[in-house]
Amino acid sequence: MRIVIIGNSAAAVGAIEAIRQYDQSAEILVISEEPHCIYSRPLLSHYLGGEIDKARLAYRGSDFYARHHAKPMLNTRIVAISPADHTVRTASGQVLHYDKLLLATGGVPIVPPIPGLETAGVFTFTRLDEALGILHHLESHPVQRAVVVGGGMIGIKATDALLKRGLPVSMVELAPRILSTALDDTASRLLTRLLQDHGVEVLTENTVTAIHSQDGHIAAVELRDGRSLPCQLLVLGIGVRPNAGLAQAAGLQVNRGVVVDGHMRTSDPDIYAAGDVAEAYDLVVDLNRTVAIWPNAYRQGAIAGAHMVGVPRADEGGIAMNTVEVCGVPAMSIGQGNAEGPEYEVLTELDAPRNLYKRLVLKGDRLVGVILVGNINRAGIYTGLIRNKIDVSACRKNLLSERLSLLSLPDQYRKHIVTGAGIEV
Amino acid sequence: MKRIVIHEEHCIGCRLCEVHCLVQHSCSRDIIKAFRAERDTIMPRVLVEENGPVSFALQCRQCPEPSCIEACISGAMHRDERTGAVVCDETKCVGCWMCIMVCPSGSIRQNLAGTRIASKCDLCYGAEIPACVAHCPNEALTYEEVP
């Protein structure tokens with residue numbers, strides 16, 4: 001059996017590791033249009049910020065492919081899938097057969113249609129080559145100010161990294177506040193103030209409408225409000241959309257992302273999709289949707305890989321969650337942390353001078369979302385309550401405690417967590 | 001694989017497990033030096049949970065499909081090939097706290113001294129009996145082959 005994987009990040013690694021957990025004979029071919037061995041995209045901001053060197057971007061060791069008997073085909077772009085023939089075609093015309101195919105093609109950065117995008121000094125920020133480009137640009141050009149478009153996860157991480165490089169940064173966000181899809185107003189304001197205290201100019205309800213260059217290099221950007229911001233570096237960190245073009249052209253069912261079932265199978269039973277490209281089940285909102293986060297990508301890849309070799313793994317679905325650090329203060333959003341409305345009960349605790357904030361969202365007797373700023377100790381206990389759909393009505397008064405512990409939880413659930421499946425007391 | 005089994009009915013909350021875990025993970029391996037000179041940079045990887053008469057010592061539960069490995073963005077969190085234990089390679093960890101966000105028992109902690117790292121139980125790297133189990137005076141922790 002030959003398994004072909006298109007993509008070379010978290011979902012691909014999850015798949016390869018799961019396949020080899022159960023099966024040593026299947027042939028595995030990993031095809032990536034990037035020239036690099038497996039690296040961690042979320043670490044790019046740590047690399048750009050100078051916290052780690054390039055070697056530490058490696059998500060798995062250089063012997064990963066060999067140890068898992070997987071054959072990498074790097075620098076290779078797939079241009080078409082033919083589900084009827086069970087083949088994929090590369091840009092150079094090579095036709096490769098598959099028995100099972102995994103689409104782990106990830107996302108493509110959203111680039112707004114701004115005149116002047118081809119100007120030197122304009123970058124996106126989701127791939128290593130872009131990060132290397134930014135670093136090269138910083139070394140070869142005097143940069144007095146950088147502008148980051150996007151106040152979401154990618155934009156914030158890019159901003160934080162450029163700050164660590166000592167650069168003045170202006171951040172431009174279309175929404176009325178930063179991190180609006182993950183955080184509520186209060187958390188968003190806390191982080192905005194932190195950024196401002198560290199010299200970041202945060203411009204909300206605004207966007208870049210034009211890029212002005214001088215000698216081919218970016219010199220300024222024009223904003224929607226008519227202002228012109230002189231800058232020598234522009235990072236487009238708006239977000240990603242599912243890279244589902246191949247799947248669409250192959251006739252697979254695609255909404256926003258590639259629609260998959262609980263085993264990550266697409267509408268073609270021999271083609272799977274996992275990671276940022278997939279529209280998989282989210283157990284909190286009880287819907288299939290795309291959630292571009294690392295843990296989901298790895299887990300979905302593992303579910304797909306296992307199923308390909310005949311091991312159906314029970315999957316209860318994913319949870320949208322993320323963590324980001326702004327000027328040294330960690331923040332987390334888990335599930336529907338910023339949900340508002342009559343069907344939700346919201347518990348909050350704010351200590352603004354110490355940058356501490358906690359927001360818990362309950363729906364009926366269940367916890368469905370959490371936002372944490374500052375103190376993120378034991379945050380996973382909340383995630384467990386959400387994932388396991390635990391009735392928290394008896395312990396809700398404990399949930400806001402700064403010293404949340406397993407002893408704050410219902411006895412039965414605590415014993416389940418402490419002892420693990422099969423050895424419950 | 002052997003795991004640490006918690007017997008909360010035997011725990012007396014003495015916290016000797018925390019003390020000996022810290023010593024085990026110190027450079028000096030000496031109880032006085034560990035607490036006098038190294039206390040700021042190391043922390044116990046076991047935590048005694050206490051509420052009134054109930055207490056128990058909690059460390060990583062060694063989940064069969066660990067969320068922390070799934071969520072780790074640096075590849076630091078992994079299963080040790082030799083011992084089978086879920087451990088954090090502290091030379092790779094960047095302190096992003098994804099593991100803390102997903103660990104259902106809350107047994108991974110931030111170590112902010114020096115390079116920021118996620119601090120967790122490593123089952124004393126293949127020791128015959130982990131330090132917390134070995135030094136528990138009331139067998140509130142045992143080390144057993146669990147299916």
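What distance separates the centres of domain 2 of chain A and domain 3 of chain A, taken over C-alpha atoms? In this predicted model, in which local features need pLDDT of at least 70, side-chain atom pairs count only at pLDDT 80 or more, and totals for chains, interfaces and linings use all residues, the separation is 32 Å. Residues are numbered from 1 along each chain as its sequence is written, while chains are lettered from A and ligands numbered from 1 in the order in which they are written.

The domain assignment, whose bounds come from an automatic or database source, divides chain A into domain 1 (2-108 + 241-308), domain 2 (122-238) and domain 3 (328-419). Eight residues of domain 2 of chain A are in contact with 12 residues of domain 3 of chain A, a contact being a pair of residues whose C-beta atoms, placed from the backbone, lie within 7 Å. On the domain 2 side, these comprise six nonpolar, one polar and one charged residues, where Ala, Val, Leu, Ile, Met, Phe, Trp, Tyr, Cys and Pro count as nonpolar, Asp, Glu, Lys and Arg as charged, and the others, Gly among them, as polar.

The predictor's confidence in each residue is expressed as pLDDT, from 0 to 100; its mean over chain A is 96, and 99% of the residues of chain A reach 70 or more. Over residues 421-425 of chain A, however, the pLDDT is below 50, although this stretch has eight contacts in the model beyond near neighbours in sequence. Where pLDDT is low, the predicted coordinates should not be read in detail.

Between the chains, 34 residues of chain A are in contact with 27 residues of chain B. Among the elements that each supply at least two residues of this side of chain A are helix H8 (294-308) and helix H9 (379-387), helices (H or I, at least four residues) and strands (E, at least two) being DSSP runs numbered from the N terminus. The largest share, five residues, comes from H9(A), and by class the side of chain A that touches chain B has 19 nonpolar, 10 polar and five charged residues.

Within chain A, strand S26 (residues 366-373) is largely enclosed by the rest of the structure, because seven of its eight residues are buried; a residue is buried if 20 or more other C-beta atoms lie within 10 Å of its own, exposed if 12 or fewer, and partly exposed in between, with C-beta atoms placed from the backbone. S26(A) pairs in the antiparallel sense with S23(A) over five bridges, and A:Gly335 stands opposite A:Gly369 in S26(A). Strand S25 (residues 356-363) of chain A also pairs with S26(A) in the antiparallel sense, over seven bridges, pairing being assigned if DSSP finds at least two bridges between two strands. S25(A) and S26(A) form a hairpin with two residues between them, and A:Gly364 in the turn has a positive phi of about 65°.

Positive phi values also occur in residues other than glycine, including A:Asp215, with phi near 55°, and A:Met264, with phi of about 70°. A:Asp215 is found in the loop between strand S13 (208-214) and strand S14 (217-223) of chain A and is exposed, with 6 other C-beta atoms within 10 Å. A:Met264, in the loop between S18 and strand S19 (271-273) of chain A, counts as buried, with 32 C-beta neighbours inside 10 Å.

Methods: Contact = placed C-beta atoms within 7 Å.
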